[in-house]
Amino acid sequence: MKKLIATCVAVVFAVGTAGMALAQEKKPEEKKSEMKSDTKMEKKEKKPAAKTAKGAVKSATSDTLVVGGKMKGKDEEWTFGVDAKTAIKKGGKASTAADVKAGDSVQVRYTEDAGKMMAQSVMVKAATAKKAEKMDKMDKMEPKPAEKK
């Protein structure tokens, strides 16, 4: 009788252990979904968060845009990289960095990567007539020579 009970206990133990081992093994469908979620997480980590900045254009070239504005109550100046992927709109129409002029009011959506700010999109609101005149006058003014004492 003791042998019969010992054999039954051993069989129950073996079946229980095998059942738990099968339950622990992942199904192929679960493995695929897990791999997809891992790759999604990797992509999300690689893509930096987009930020925005508002201000007036100080200078613009084909590959850079310098904007001055305020952030947290302090005057700031930002230099953004511009490339072929940058979407620039002026007056609701597609434009280029060469069309952006000093004094234009802009909103720049950018990402920061390795310490460099790259513009993703630039929305240009043309400078008011007074500001444009003021900027033209400042550009035309010649520096006065220093007086000798």
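What we have is a predicted model, in which local features need pLDDT of at least 70 and side-chain atom pairs count only at pLDDT 80 or more, while totals for chains, interfaces and linings use all residues. Residues are numbered from 1 along each chain as its sequence is written, and side-chain values use heavy atoms, with hydrogens and water left out.

Let me begin with the overall layout. The chain holds 3 helices and 7 strands, these being DSSP runs numbered from the N terminus, with H or I over at least four residues for helices and E over at least two for strands, and along the sequence they follow the pattern α-α-β-β-β-β-β-β-β-α. Of its 149 residues, 18% count as buried, that is, under 20% relative accessible area with a 1.4 Å probe and protein chains only.

Now to the hairpin. Strand S2, residues 64-71, pairs with strand S3, residues 74-81, in the antiparallel sense over 8 bridges, where pairing requires that DSSP finds at least two bridges between the strands. Glycine 68 stands opposite glutamate 77 in S3, and lysine 72, in this hairpin with 2 residues between the strands, takes a positive phi near 55°.

The rings of phenylalanine 80 and tyrosine 110 have centres 5.0 Å apart and planes at 55°, so the pair is tilted, the class left between stacked, under 30 degrees, and edge-to-face, over 60. Phenylalanine 80 lies in S3 and tyrosine 110 in strand S6, residues 105-113, so that the pair links parts of the chain 30 residues apart. Both phenylalanine 80 and tyrosine 110 are buried.

Notes:
Buried means under 20% relative accessible area, exposed over 50%, partly exposed in between (1.4 Å probe, protein chains only). Rings of Phe, Tyr and Trp (its six-membered ring) pair if their centres lie within 6.5 Å; planes under 30 degrees apart count as stacked, over 60 as edge-to-face and the rest as tilted.
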